[in-house]
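Please walk through this model with me, beginning with a sheet and ending with a helix and what surrounds it.

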Amino acid sequence: MSVNAKDVMKLRKATGAGMMDCKKALTEAEGDYDRAVEIIRERGKAIANKRADREATEGVCIAKTSADNTFGAMLVLNCETDFVAKNESYIALATRILDVAIENKVADLEALKALAIDNTTVGEFIAEQTGVVGEKLDLSFYACLEAAYVAPYIHAGNKLSTMIGFDGVVPEQVGKDVAMQAAAMAPIAINKDAVAAETVENELRIAMEKFRQEGKPENMLEKIAQGSLNKWFKENTLIEQAFVKDGKMTVSQYLAQEAKGVNVTGMVRNSLNG
């Protein structure tokens, strides 16, 4: 049977499927639009099942905030090839899921997968989109951050993102600068108090062993190692790092200069590879 061109375009817009796939679905459904939508979705799930054992190591890592900048979210949507990851429609797909997460202030990955979208769940929607994209898709990471002000940053290429939370509103450029700092310098914590005790103990032990091997006096090892640990804190905690735009000051000093009285309260950093 012949199908209505308007229905084909409507189905294509609704599902993202190719024109020929939409024509075939409408033909199989004998012109029944709702049944055609089901067919497209069923085929997407079937393709997802067939590709389940494929590796999805490419994709995008993106971050965004609510209109009032008080809630930020970040996700990683994986696919199989970089060619697909760079496609504008794929980036738009990931952004749409992120927008839904922000609109509903979703707390974690499982809650996001269970969230409603297009009369299905995000998890099912992604499985269906596998049929449209033609590659295995996997929503592998999600994190959110809530604060008086959240600044997001997506590094060029959509492979690395950061979010920084502040306890007060900061100028947009200041927020971006601190978020870019986290992207460039990969701090493990906001400040030394936020570093896990186990990590601190391990770094101190490594430093003491190093100086022991260098022949430093045993009774001086802990003091010397503590000095080394303090240097490590300056290199690996966000607010104590040298500010990448002006190495003469720390991030903390930059904040004091540009947003007096405001502190960093949260940080999320992730890349496509974790």
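Two strands are said to pair if DSSP finds at least two bridges between them, the strands (E, at least two residues) and helices (H or I, at least four residues) being DSSP runs numbered from the N terminus. The model is predicted, so local features are described at pLDDT of at least 70 and side-chain atom pairs at pLDDT 80 or more, whereas totals for chains, interfaces and linings use all residues. Residues are numbered from 1 along each chain as its sequence is written, and side-chain values use heavy atoms, with hydrogens and water left out.

Three strands make up an open sheet in the order 6-7-10, with antiparallel pairing. Its edges are strand 6 (149-154) and strand 10 (264-271), each of which pairs on one side only. Strand 7 (residues 160-166) is joined to strand 10 by seven bridges in the antiparallel sense, and Ser161 stands opposite Asn270 in strand 10.

Helix 9 (residues 197-213) comprises 17 residues and spans 24 Å from its first C-alpha to its last, close to the 24 Å expected at 1.5 Å a residue, where the expected span is 1.5 Å times one less than the number of residues. Val200, Leu204, Ala207 and Phe211 of this helix are buried, that is, under 20% relative accessible area, with exposed meaning over 50% and partly exposed in between (1.4 Å probe, protein chains only). Seen down the axis of helix 9, the buried residues fall within an arc of 65°, so they line one face; the arc is that of the directions from the helix axis to the C-beta atoms. On the other side of helix 9, Glu198, Glu201, Arg205 and Gln213 are exposed. Just after helix 9, Gly215 adopts a positive phi of about 90°.
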